[in-house]
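User: I would like to learn how to read the packing and the charged pairs of a protein model. Could you take me through one, feature by feature?

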Amino acid sequence: MTVPEYNAPESVSRVQQGALIAGVIGIVLCAIGAFKWPETFFRSYLLAFMFILGLSLGSLGLLMLQHLTGGHWGIIIRRPLESATRSLPLVFLLFLPIFFGMKYLYAAWLTAPSSGEGALSHLQQSYLTKNGFIVRAFIYFAVWLLLVFLFNRWSREQDVNRDDRALRRRIKMMAGPGIILYVFAMSFAAIDWVMSISPHWASTIYGFLFIAGQLISSMSLMIAVIVLLARVEPFASIVQRRHLHDLGKLLLAFVMLWAYFDFSQLLIIWSGNLPEEITFYRSRLHGQWGIVAVVVVVFHFFVPFFLLLSRDLKRNLQLLPKVAFWLILMRFVDLFWMTRPEFTSVAWPSLWDLAAPLALCGLWVFVFAGQLKRMPLLPLGDPKLQEAIEQHEY
């Protein structure tokens, strides 16, 4: 009996070519912006970087979650998840320009006085230093890249040694601590790279907002990828409505988790009503940014929430990916709302808010599509594979 190869279809190559073209155009525009308007450009670059970081790290979190729980939902998307995690070295390279833009992004603590009005606390002064920022960034990426290396290596070994129970046990045993490492590293990274833009404000739940958002981004991407692959063989005869239903339910859960974290932060700060804590929302709930806040609440939570409550929509091959694409767009809006009010009261995107995402997302999709073609689209060594792709409906 011949074992199916489950190779990527030709459509993946077409997507890869289109992404490369978009990325090159974006890079040219970004080069102009970086030299002529660096202050405005780096603000847009940080936004685009945090988005593609979420695609890779959210996929890493989902990958470890699937290994830990062993659900069928993750077997269908495991190889796309692994491909997304293997784009992390590119994300690391794309982080390096932020070092050159630190004086434009983090001037609030780089140039803060050591005493008097506007001075940081002793803890902040010892933590928020240029060298500390750089060292911690390398530590975060070292942790993430190590997890990516281990889980991808073990996945390849599993394809060869399909009956190795010790290997399966090792993967599952590492998934739990791996999730904890991912959460801790991302929480501190969110503090360093985004929250420190306004160093006088702090939130203990801030990192979890990014983690929940990353899970939304990556799950939305996986739904879009699965639907794309399902247009032709071999996935056309594999992907079933029950698979989409499971992925849609998880997407709904992540939307609710993100809303819970966001509302919890607002509720605690609102009830406390302390001058040093309300600055975050005072700049985001009034004026033009108040309109953006309403857009985020309505279109990032309420609309997707009520749509994803529908069982029929979650099982629909045409409608579910549209909701997923919409949530990907809203992740940009949410990141825009979280980062930009610290710099301006004008809630209107600039040219670089289009050029930077075009460049970084184009390069990221180019690498992601290339990684998709490197391995079979299904984990051939997983003992639950045949059960996961068995044809039946419920």
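This is a predicted model: local features need pLDDT of at least 70, side-chain atom pairs count only at pLDDT 80 or more; totals for chains, interfaces and linings use all residues.

User: Which residues touch the most other members of the largest nonpolar core?

Analyst: A nonpolar core is a set of buried Ala, Val, Leu, Ile, Met, Phe, Trp, Tyr and Cys residues joined through side-chain atoms within 4.5 Å, and buried means under 20% relative accessible area, exposed over 50%, and partly exposed in between, with a 1.4 Å probe and protein chains only. Here the largest core has 132 residues, of which Leu53, Trp144, Met186 and Trp193 touch the most other members. Helix α2 (residues 38–69) gives the most to this core, with 17 residues; helices are DSSP runs of H or I with at least four residues, numbered from the N terminus.

User: How many aromatic pairs does the structure hold, and what describes such a pair?

Analyst: A pair of aromatic rings is described by the distance of the centres and the angle of the planes. Rings of Phe, Tyr and Trp (its six-membered ring) pair if their centres lie within 6.5 Å, and planes under 30 degrees apart count as stacked, over 60 as edge-to-face and the rest as tilted. The structure holds 38 aromatic pairs. One of them joins Phe51 and Phe332, which are stacked at 4.0 Å centre to centre with 20 degrees between the planes. That pair links distant parts of the chain, since Phe51 lies in helix α2 and Phe332 in helix α15 (residues 319–339), 281 residues apart. Phe51 is buried at a relative accessible area of 4%, and Phe332 is buried at 17%.

User: What are the distance and the angle for Phe305 and Phe306?

Analyst: The ring centres of Phe305 and Phe306 are 5.1 Å apart and the planes stand at 75 degrees, so this pair is edge-to-face. Phe305 counts as buried at 18% relative accessibility, whereas Phe306 is exposed at 53%.

User: Where do Asp192 and Arg136 lie, and how far apart are they in sequence?

Analyst: Side chains of opposite charge can pair when their charged atoms come close. A salt bridge is a side-chain nitrogen of Lys or Arg within 4 Å of a carboxyl oxygen of Asp or Glu, and the structure holds 10 salt bridges. Asp192 forms one with Arg136, the closest N and O atoms being 2.7 Å apart. Asp192 lies in helix α9 (residues 165–193) and Arg136 in helix α8 (residues 130–160), so the pair ties together parts that are 56 residues apart in sequence. Asp192 is buried, with a relative accessible area of 0%, and Arg136 counts as buried at 14%.

User: How far apart are the closest N and O atoms of Asp246 and Lys249?

Analyst: In the salt bridge of Asp246 with Lys249 the closest N and O atoms are 3.6 Å apart. Being 3 residues apart in helix α11 (residues 241–272), Asp246 and Lys249 are separated by about one helical turn. Asp246 counts as buried at 17% relative accessibility, while Lys249 counts as partly exposed at 40%.

Technical notes: Residues are numbered from 1 along each chain as its sequence is written. Side-chain values use heavy atoms; hydrogens and water are left out. Helices (H or I, at least four residues) and strands (E, at least two) are DSSP runs, numbered from the N terminus.
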